[in-house]
Amino acid sequence: MDEILDILAGDARVTPVEIAKMTGKSKDAVQKAIKKYEQSGVIVQYKTLINHDLVRESNSFVRALIEVSVTPQKDVGFDHIAERIYSFPEVVSCYLVSGTYDLLLIVEGENIQKVSNFIASKLSPMENVRGTATHFLLKKYKEDGHVLKQKETSKRLNISY
Amino acid sequence: MKIQISKKVDDMAPSGIRAFFDLVLGMKDVISLGVGEPDFVTPWNIREKAITAYEEGYTSYTSNKGLISLRKQIAHFLKHKFDLVYDPETEILITVGVSEGLDLAWRTLINPGDKVLVPEPCYVSYAPLADMAGGRVIRMVTQTKNHFKMLPAELDQICKKEGIKYLMINYPSNPTGASYNRKELEALVKVIKKNNVVVISDEVYDDLTYDFDHVPLATLPGMKERVIYMNGFSKAYAMTGFRIGFACGPENVIAGMTKIHQYTILCAPINGQMAAEEALVNGHKSVAAMKTEYKRRRQFIVDSLNEMGLECHMPQGAFYAFPSIKKTSMTSIDFAQELLKEQKVALVPGVAFGPSAEGHVRISYASSFEALKEAMARVKKFLK
């Protein structure tokens, strides 16, 4: 991966000036490259990774992993049914996977009822959906490479040779 | 009655620096640029191996030279990475960090009065250990304008003039970050051979070489027989607390070092040795990830320092920048003390690394980017 992308993937708040210093490129070159990535869709969005467990008002926020078995369709394979499913705003991620089922969804809702309703009334009755298995998330330990607990603080002495 | 300690030991440590260290260690909420170890915790696979080793009951002594399995791994690693061949049975010794290896090597090699050349600025222990072993330490000052590298002509001159028997070399260097590419090493080797000098080469920062591939001194033609090669796991694998290093060299030298080692240390801790083996077998990715990070921080720090008028060359390795503070007209200890008091930023006064390093400070960029950014802002404020 390009170095600029690598730096931004780790921390989206690093400024072009700082990236320029880190990489030995000029500020203009960095800005230009970022703009290009944004326009071409390589950089999709800048988001903040929040540990919702620590935010009180979002305690009712639930997330489920749903395994979906579907019947692929002639000519379009899985794409068509996948599109019909991922277009629901409740579906935050949708992957086609190998193994005993076909689509793996991550679905979010305000509470268990809302997610269950979505499954019962929208997802399961859908034509070509053969079955679902729902796993509600109980606890998050690690997400996108980040361990979701208080950071391991350095135990180094503040000065040494 | 007050027990008198030996004059030699009494004369050792520079006291001003010790007092400054104590000041730093007693202060809270300091942003530290003064640390001589990586800011990463040891990679998990290595820690996990150490834990499992305890669980499985590996709590005993090992052979004096160290676990043969670890020595074999080291031999394999050096052969594979540098085409550097050492016999794990007779030419490799596992030590408690490179620090112990240095002590052993000097005590094994030096006869009273033998002249040991120590280029300066350099790591704090080189001269005292050679001195303790009975050597006569000759200091060779490397110049800021040469980015603190030894020049072959200077080396030749001093070897001839002083009758140097041993040379201490450390690249990439703590504290200056100076290193040598193959061509530069070849020029030095010519002089080393011509003057029949034996070299201790501390290459513990070798994985953190940024602008070219590190070349071990012992790999150059005819050098293996006159080099004691030192390396360890502290820096490359963030394993400082495990205290594992190794020395490679001619059989008779390693045998001599092992004699002292068996009486003073017996063996390096078994747990650290097992963790070190895991580092060699599965640790490469962590090293690579760190290097990319450090390289970015290096650029950032050097640029920031030069921008605020603290002249700084681009270090080629390790994780230290060594800027000049001459424009402030302060001594390096005063600079460090005032900066600590006013802005709560800690760094190491240059003078710790030899009298010729006065007028410089050592800045470690083995800290998070956030911390470095904040520290640079504070140094800038301090200079105003």
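**Exercise 1. Where is the place of D207(B), and is D207(B) buried or exposed?**

Solution. Begin with the chain: D207(B) lies in the loop between β6 (198–202) and β7 (227–232) of chain B, where strands (E, at least two residues) are DSSP runs numbered from the N terminus, as are helices (H or I, at least four). Next take the accessibility: D207(B) has a relative accessible area of 15% and is therefore buried, a word that stands for under 20%, with exposed for over 50% and partly exposed in between (1.4 Å probe, protein chains only). Finally, look at the surroundings: apart from neighbours within four places in sequence, D207(B) is in contact (heavy atoms within 4.5 Å) with K81(B), A236(B), V287(B) and K291(B).

Before going on, note that this is a predicted model, in which local features need pLDDT of at least 70 and side-chain atom pairs count only at pLDDT 80 or more, while totals for chains, interfaces and linings use all residues. Residues are numbered from 1 along each chain as its sequence is written, chains are lettered from A and ligands numbered from 1 in the order in which they are written, and side-chain values use heavy atoms, with hydrogens and water left out.

**Exercise 2. Describe how chain B and chain A meet.**

Solution. Start with the residues: 37 of chain B are in contact with 17 of chain A. Then turn to the area, since the size of an interface is often given as the accessible area lost when the parts come together. Here about 2300 Å² is buried between the two chains, 55% of it from carbon and sulfur atoms; buried area is the accessible area (1.4 Å probe) that two parts lose on being put together, summed over both. On the chain B side, F21(B), R296(B) and F369(B) supply 27% of the area buried against chain A, more than any other three residues.

**Exercise 3. How many disulfides does the structure hold?**

Solution. Over all chains there are zero disulfides (pairs of cysteine sulfur atoms within 2.5 Å). For C122(B), the nearest cysteine sulfur, that of C159(B), is 16 Å away, and C122(B) is buried at 8% relative accessibility. For C248(B), the nearest cysteine sulfur belongs to C267(B), 18 Å away, and C248(B), at 0% relative accessibility, is buried.
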